[in-house]
Amino acid sequence: MNQKVTMGANRKIKIMNVVAARPNFVKIAPLMAEYKKWPRIKPILVHTGQHYDIRMSKDFFDQLEIPRPDINLEIGSASHAIQTAEIMKRFEPILLKYKPDVVVVVGDVNSTLACALVSAKLGVKVAHVEAGLRSFDRRMPEEINRVLTDAISDYLFVTEASGLKNLRKEGIPHEKIYYVGNVMIDTLRRYIEKAKKMKILEELGLRKRGYALVTMHRPSNVDDPIVLRRLIDVFGKISQELPVIFPAHPRTQQNIEAFGLKRKISRMASSPDASPDGGLRVIDPIGYLDFLQLMASAKVVLTDSGGIQEETTILHVPCLTLRENTERPITVEIGSNRIVGTNPTRILEEFKKIMTTGSIRCGTPKAWDGRAAARIVEILGSTE
Ligand code: UD1
């Protein structure tokens, strides 16, 4: 590797870590835990404040035992341009003040790109955790964030084989690329036993393998009233066979309200056609451990999230992805995930298949073994 940070043997390596949104917290947790084993490393944690609600942020810090951020940029919500620009403006002085040797960014949110760009322009090395994933759909803001972040990163930490292929095709020098596995799965493996002791099934009156779990927050699914209404109708149909639990992201909740879909949902919850155990229930976002328990015990998960496609693979729970593509093709190849889009007939067909075939058996992607963070920190920490 010739991209290592070079420094005197006695000096500490300052690693600045950026988090912003819910999935980032799950990815940074094992890195923060790993740094503690390296006296040579001084970690600094920056929260951009892109997610700020207690349930979207603080609860995750508490449950995943992430140290309090050293700095909070308190960005909040705004349009993509304003949010990205404001993060850059507020991050630059922090970088100048702390002078880290390397900045670690994770995933594909606006803060990932904004902080990578500021760092690269100031000549600070950038490490991108979860590099190389591509949906090849530039209508997704995350795809733009991924492509641009990878183009300016010095360490590209890859989770699956497709990532290696994509980065090579884009001409990224191979010595910058490291296949390390999946930090999100490190967290899952660390907390699964604790999650299984959570009481969320009892609290919601659910039986193991007796319900469907839904999550949805992508603009393409929730910002268009026609698409959102169509998907809610599909969940209504599914709820005639199984209770459907839908912890809804604030963006989704706001749109359910704005598009006048609230009444429709409460009618579904109490409909005589609803499954005897429940119907469709939209609830507030929930913490990591409760959600992990809900995923692990579901009959099927329907989602437009990226991370949940991966988590269900490890949990061996069938996942129907409510999108036309995925940047995580390994989950489809291995057999836990199906890309079903938003066409009701297609979704219901695949749902019926799962109801008749029962649970699935699938393998484990290479190096999704709970040691991805250890590999990353070993690379970042082994600097001269
Ligand atoms: C962001 C990421 C997305 C990621 C998702 C995980 C980008 C481009 N998108 O999308 O990749 O999958 O996080 O959840 O960075 N809101 C609150 N409270 C919060 C956070 C958000 O009420 O704590 C509401 C606000 O009204 C906001 C909306 O949700 O306008 C969207 O939030 P934003 O951070 O812009 O994007 P996400 O949809 O969360």
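How much accessible surface does the protein chain have, and what share of that surface belongs to carbon and sulfur atoms? The accessible surface comes to about 16200 Å², and carbon and sulfur atoms hold 52% of that area. The model is predicted.

## Overall shape

The protein chain contains 17 helices and 13 strands. Its radius of gyration is 21 Å, close to the 21 Å that the globule rule gives for 384 residues, so the chain is as compact as a globular protein of that length.

Along the principal axes, the C-alpha atoms of the protein chain fill a box of roughly 70 × 40 × 40 Å.

## Burial and contacts

Of the 384 residues in the protein chain, 59% count as buried. For a residue, buried means under 20% relative accessible area.

Contacts in the protein chain can be sorted by how far apart the two residues lie in the sequence. Among contacts with a separation of 6 or more, 72% are between residues 24 or more positions apart.

## Charges

The side chains of the protein chain include 57 positive and 44 negative ones.

## Two domains

The domain assignment gives domain 1 and domain 2. Domain 1 is made of two stretches of the chain, 13–182 and 368–381, while domain 2 covers 193–357.

The C-alpha centres of domain 1 and domain 2 lie 28 Å apart. How many residues of each domain are in contact with the other? On the side of domain 1 there are 22 such residues, and on the side of domain 2 there are 19.

Methods: Residues numbered from 1 in each chain as written. Predicted model: local features only at pLDDT ≥ 70, side-chain atom pairs only at ≥ 80, totals over all residues. Heavy atoms only, no water. Helix = DSSP H or I, 4+ residues; strand = E, 2+ residues; numbered from the N terminus. Rg over C-alpha atoms; globule rule 2.2 N^0.38 Å. Buried < 20%, exposed > 50% of the residue type's maximum accessible area, 1.4 Å probe, protein only. Contact = heavy atoms within 4.5 Å. Areas by Shrake-Rupley, 256 points an atom, 1.4 Å probe, with all protein chains shown as cover. Lys, Arg positive; Asp, Glu negative; His and termini not counted. Charge placed at Lys NZ, Arg CZ, Asp CG, Glu CD. Domains from an automatic or database assignment.
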